[in-house]
Amino acid sequence: MKVAVRYYTRGGNTKKLALAIGQGAGVEALETSYPLEEDVDILFLGSSVYAYGVDDEIKRFIKDINVKVGKVVNFSTAALVKSTYKQVGKLLKEKGIPQATEEFYCKGSFGPLHKGKPDAGDLAAAKAFAEKITKG
Ligand SMILES: Cc1cc2nc3c(=O)[nH]c(=O)nc-3n(C[C@H](O)[C@H](O)[C@H](O)COP(=O)(O)O)c2cc1C
């Protein structure tokens, strides 16, 4: 099974999750500035919310995908909203790429809110999540 991990981060919270997901999936986690270069069965895609929306970079990355992606597994951090699942799902739908029902989400620190998040427990859970998705 071919697996890739891509993420966009401004402050580093989503990067922490991405590295844990990459460890669990056994592949290198790369920023969305690295386009997918071959077909993949599973793409773990990490994003966050900034002023209620995902960053334009996530929109651009999805729009520019030009390989076959079996399904996208969403992972995200945010301070207030639950996850980016729905917003990313809408973008994927426009592109005709299936979104897995499973996702990984945890709180991300934002100013005085959620200090230290994602924490060690979140990262261990993210790694285990990726292992389960990729190795059953
Ligand atoms: C400019 C800005 C705007 C934000 N707006 C929201 C928001 O509308 N809703 C929310 O839940 N979190 C919001 N957050 C919190 C981020 O989603 C949270 O800190 C996230 O973990 C950031 O991920 P990153 O460190 O990977 O960039 C905002 C953060 C920043 C910096």
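Residues are numbered from 1 along each chain as its sequence is written. In this predicted model, local features need pLDDT of at least 70 and side-chain atom pairs count only at pLDDT 80 or more, while totals for chains, interfaces and linings use all residues.

**Exercise 1.** Describe how H1 packs on H4.

Solution. 
- Helices are DSSP runs of H or I of at least four residues, and strands are runs of E of at least two, numbered from the N terminus.
- The axes of H1 (residues 13–25) and H4 (residues 120–135) lie 7 Å apart, at an angle of about 40°. Axes are lines fitted to C-alpha atoms, for helices over the stretch in contact, and angles run from 0 to 180 degrees between N-to-C directions.
- H1 is therefore oblique to H4, a class left over once angles under 35 degrees (roughly parallel), over 145 (roughly antiparallel) and 65 to 115 (roughly perpendicular) are taken out.

**Exercise 2.** Work out the order of the strands in the sheet and find its edges.

Solution. 
- The order is S2-S1-S3-S4-S5, an open sheet of five strands with parallel pairing. Two strands pair if DSSP finds at least two bridges between them.
- S2 (29–31) and S5 (99–107) each have a single partner strand, so they stand at the edges, with one side of each lacking a neighbour in the sheet.
- Direction ignored, neighbouring strands are turned by 25° against each other on average.
- S5 pairs with S4 (residues 69–78) over six bridges in the parallel sense; Tyr 105 in S5 is the bridge partner of Ser 76.
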